[in-house]
Amino acid sequence: MGRFSGNYIDSYEKKIPVRQIFQMYQEKKIVFPAVPSMKRVTKIERISEMVEIILLGLALPTVYVSERQNGSLLVLETDDRLRCLIEFLEGYYPVRGLEFYPELDERGIEQLEQEFPSMTSWLYDYSFSFQIIEYTTPRYMHMQMGNYIERWNFTREQGIRNELYGEDLERRLAKLEQTLWGLSPFLSKVSLNRQYMVLRILMCRFVQMEEIQEEWGEILNFQQLLDRTAILVLQKDSRWISETADAFGEVTGELLSWERRVHYGLEREKGKERQAKVLSYLYNVVWMCRKKECGAQWGLEKIAWDRRLWKQIGSDKVNITNIRTHFDIIEERLR
């Protein structure tokens, strides 16, 4: 600990028994991101697998968590194993179909405590290995862990981001994306996905408008750009939020009208990186056309069918230098 400098991820390992984990969860010292819940049958399968692994004495993978300013630990998972185990301890689900312990079939935690106290004791005494990323590590480096550990999807990434940056960011992004709900078939029905897409679009907008700038010798990478974008959104006043929410609705309507006419494929790979890149630029093309007082439909035609540009956008890393290069090309096309 105490070695944090620049982009270094400062972390330490700690073993915590299940009994203490459950107590910390009840005291809100261990928290999970708000993401859509999996199906009941899937939860029971995952719980049963976890319980059997623990009873067999096998070592489970390290659990990565982010330490927050208030000392609570935000769990960074993709498979929700620990969350499922806690829901089992809360009494919501039984175990089912265990290979080596068939006598436990269809038992919940209360039945296990009554009928199999020794096994239940083993379960509570089992220790998880936690890798704790200290709060002194920049938030964008916490988010970067998603690429290093398990490659979170957009829903989970945004859920984790909202927890790290606080309720205010979530409220503002929810306000910005609420005009999109039900308006367009090419945007996800999941609110967290729409929030993420709004953040991506604003990231490009802030770079294009030079609200995000790097210091001398600095090249802002993807998570740093999203970090700066989130901070800017948090700094905006309520009037900006309201006006920008309306602007999102208007541009979405413009894109929807264009999509119905040309069948470009805005819905392709919904909720994935290709769509995020396409929408990040096309939303901004419409805004640029409005500023230039030229037709948005004309501008979309000029940019959307430029295969060379989209090949470059698709292959380039997302960083401030490349985004600016792409917008220079777009500006040239719109003259």
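Because the model is predicted, local features need pLDDT of at least 70 and side-chain atom pairs count only at pLDDT 80 or more, while totals for chains, interfaces and linings use all residues. Residues are numbered from 1 along each chain as its sequence is written, and side-chain values use heavy atoms, with hydrogens and water left out.

Helices (H or I, at least four residues) and strands (E, at least two) are DSSP runs, numbered from the N terminus. Six of the seven residues of β5 are buried, so the strand is largely enclosed by the rest of the structure; buried means under 20% relative accessible area, exposed over 50%, and partly exposed in between (1.4 Å probe, protein chains only). Strand β1 (residues 11-17) runs antiparallel to β5 and is joined to it by seven bridges, whereas strand β3 (residues 63-67) runs parallel to β5, with four bridges. Two strands pair if DSSP finds at least two bridges between them. Ile132 of β5 stands opposite Tyr12 and is also the bridge partner of Val65.

Next come the helices. The axes of α1 (residues 18-26) and α3 (residues 81-89) come within 11 Å and cross at roughly 85 degrees. Axes here are lines fitted to C-alpha atoms, for helices over the stretch in contact, and angles run from 0 to 180 degrees between N-to-C directions. Helices α1 and α3 are therefore roughly perpendicular to each other; angles under 35 degrees count as roughly parallel, over 145 as roughly antiparallel, 65 to 115 as roughly perpendicular and the rest as oblique. Val18, Ile21, Phe22 and Tyr25 of α1 meet Leu82, Leu85, Ile86 and Leu89 of α3, where contact means heavy atoms within 4.5 Å. These residues divide into eight nonpolar, no polar and no charged (Ala, Val, Leu, Ile, Met, Phe, Trp, Tyr, Cys and Pro count as nonpolar, Asp, Glu, Lys and Arg as charged, and the others, Gly among them, as polar).

Helices α11 (residues 238-262) and α13 (residues 296-304) have axes that come within 10 Å and cross at roughly 60 degrees, and are therefore oblique to each other. Their contact involves residues including Glu254 and Trp258 of α11 and Ala296 and Leu300 of α13. The contact residues divide into six nonpolar, two polar and three charged.

Ala296 is found in α13 and, at 10% relative accessibility, counts as buried. Not counting residues up to four places away in sequence, Ala296 touches Glu254, Val286 and Cys289.
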